[in-house]
Amino acid sequence: MRRNLVDHHGRIIDYLRISITDLCNFRCVYCRPPQGVKLVPHSDILRYEEILRIASAAGNLGIRKVRVTGGEPLVRRGVLDFISRLTSEIGFEDVALTTNGSRLSEMAMGLSQAGLRRVNISLDTLRRDSFVAITGTDELEKVLRGIDSCFEVGFDPIKLNVVLLKGVNEADIPEFAKLTLSKPIDVRFIERMPFGVDMPPADSPDSFSALDAIKIVERAFGNLTPTERSRQDGPARMYKIDGAQGRIGVIDPVTGHFCATCNRLRLTARGSLRPCLLSPTEIDMKSFLRALPDDEQIEMYIRTAVLAKPASRFSSIKKINIGMNSIGG
Ligand code: SAM
Ligand code: SF4
């Protein structure tokens with residue numbers, strides 16, 4: 001019989017985001033904590049075996065979808081085998097990956113053979129100088145080749161995540177939107193969340209909202225048409241330019257408050273379950289696991305994490321003093 005995990009607010013929790021590393025080969029300005037990234041001893045990071053035990057227990061309880069993220073997940077050794085075990089050993093049908101794209105040109109085929117079907121690539125600009133300024137690396141060409149490789153191996157859907165950066169990537173918005181005309185790609189504009197910085201209030205001229213991005217696209221391409229909602233769209237509201245192959249989406253964590261439809265838990269690389277992206281509450285699975293609990297106990301802790309999910313946290317958030325790199329997005 002199919003089981004469901006339901007939280008105290010009536011939400012079905014069927015999605016687990018797994019961060020497999022804190023490390024990253026990029027240094028995106030909006031992602032790192034203000035105090036810098038602390039190197040964590042290897043032994044503090046969950047081993048793949050440990051992650052698989054938690055994922056398997058989560059699958060028994062009703063988790064249907066898993067996303068592998070980081071830091072940069074493709075820099076951790078053994079990631080292909082890990083994904084293959086998620087799909088074939090545990091049998092998750094919906095396994096996705098979020099990556100900065102820098103390793104995709106050489107890894108897309110292996111990922112596909114491991115059973116991955118869906119990929120989100122984070123890319124905030126199509127201009128080399130801005131790319132260097134945002135990420136601290138000069139790898140735009142590699143990321144673009146990585147996106148091409150995703151089309152070659154047939155990932156579907158392929159999504160681009162574009163974080164809206166005031167004064168930095170406004171000019172890129174129409175260029176990103178244009179990609180959807182000729183390619184079956186979802187380009188999603190995401191409001192920047194206040195990791196490590198004080199964000200301007202949403203109604204200030206310094207904010208860059210999802211609505212601003214939509215207006216820029218509509219000025220360039222005419223009115224957008226909303227598309228029918230699908231579960232795969234997550235918190236994004238999706239639109240289409242008339243005649244386009246792909247879609248444009250917006251994710252508005254700052255102005256939109258979508259907690260009512262939250263369906264997820266997060267497992268950090270250091271082995272904690274995080275009931276809410278924006279709440280500091282964490283449940284330390286690593287210590288429990290290493291004390292050799294049985295699978296029933298692991299399930300109990302997962303249920304505890306689900307029941308610890310707050311109804312909403314956005315209204316109380318002005319600034320978050322950890323980096324997204326350690327939560328996994
Ligand atoms: N390294 C991978 C990548 O960049 O796709 C995976 C990890 S990254 C933390 C996951 C997602 O979080 C990326 O799409 C990134 O753009 C997003 N992200 C990071 N910091 C953010 C912020 N302050 N506001 C909104 N999104 C953010
Ligand atoms: Fe690395 Fe992704 Fe964070 Fe950029 S957004 S620093 S690529 S983890």
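A residue is termed buried at under 20% relative accessible area, exposed at over 50%, and partly exposed in between (1.4 Å probe, protein chains only). The model is predicted: local features require pLDDT of at least 70 and side-chain atom pairs pLDDT 80 or more, whereas totals for chains, interfaces and linings use all residues. Residues are numbered from 1 along each chain as its sequence is written, chains are lettered from A and ligands numbered from 1 in the order of writing, and side-chain values rest on heavy atoms, with hydrogens and water left out.

The protein chain contains 9 helices and 12 strands, assigned as DSSP runs numbered from the N terminus (helices H or I, at least four residues; strands E, at least two). Its radius of gyration is 19 Å, close to the 20 Å of the globule rule for 329 residues, so the chain is as compact as a globular protein of that length; the radius is taken over C-alpha atoms, and the rule is 2.2 Å times the number of residues to the power 0.38. Along the principal axes, the C-alpha atoms fill a box of roughly 55 × 45 × 40 Å. Of the contacts (heavy atoms within 4.5 Å) with a separation of 6 or more, 76% join residues 24 or more positions apart. The accessible surface, from the Shrake-Rupley method with a 1.4 Å probe and, for residues, only the protein chains shown as cover, comes to about 15,000 Å², and carbon and sulfur atoms account for 51% of it.

Ligand 1 is surrounded by 19 residues, of which Y30, G71, T98, S122 and M193 are the closest; a residue is assigned to such a shell if one of its heavy atoms lies within 4 Å of the molecule. A backbone N or O atom of M193 lies 2.8 Å from a nitrogen atom of ligand 1. For Y30, the distance from a backbone N or O atom to a ligand nitrogen is 2.9 Å, and for G71 the corresponding value is 2.9 Å. Taken alone, ligand 1 exposes 550 Å², and the protein buries 95% of that area. Strands β3 (94-99) and β5 (158-164) each contribute at least two residues to the shell. Its composition by class is 6 nonpolar, 10 polar and 3 charged residues, where Ala, Val, Leu, Ile, Met, Phe, Trp, Tyr, Cys and Pro count as nonpolar, Asp, Glu, Lys and Arg as charged, and the others, Gly among them, as polar.

The residues around ligand 2 are C24, F26, C28, C31, G71 and N100, a shell of 4 nonpolar, 2 polar and no charged residues. F26 is located in the loop between β1 (15-19) and α1 (48-61) and counts as buried, at 3% relative accessibility. In sequence F26 and G71 are 45 residues apart, while their C-alpha atoms are 8.9 Å apart in space. Beyond four places in sequence, F26 touches R32, N100, S102, F131, T135, T137, E139 and V143.

R247 belongs to strand β9 (residues 247-251) and is buried, with a relative accessible area of 17%. Its side chain forms a polar contact with the side chain of D233 at 2.7 Å and another with that of T227 at 3.4 Å. A polar contact denotes a pair of N or O atoms within 3.5 Å; within protein, one must be able to donate a hydrogen and the other to accept it, and residues adjacent in sequence count only if both atoms are side-chain atoms. Residues touched by R247, excluding those up to four places away in sequence, include T180, I185, D186 and V187.
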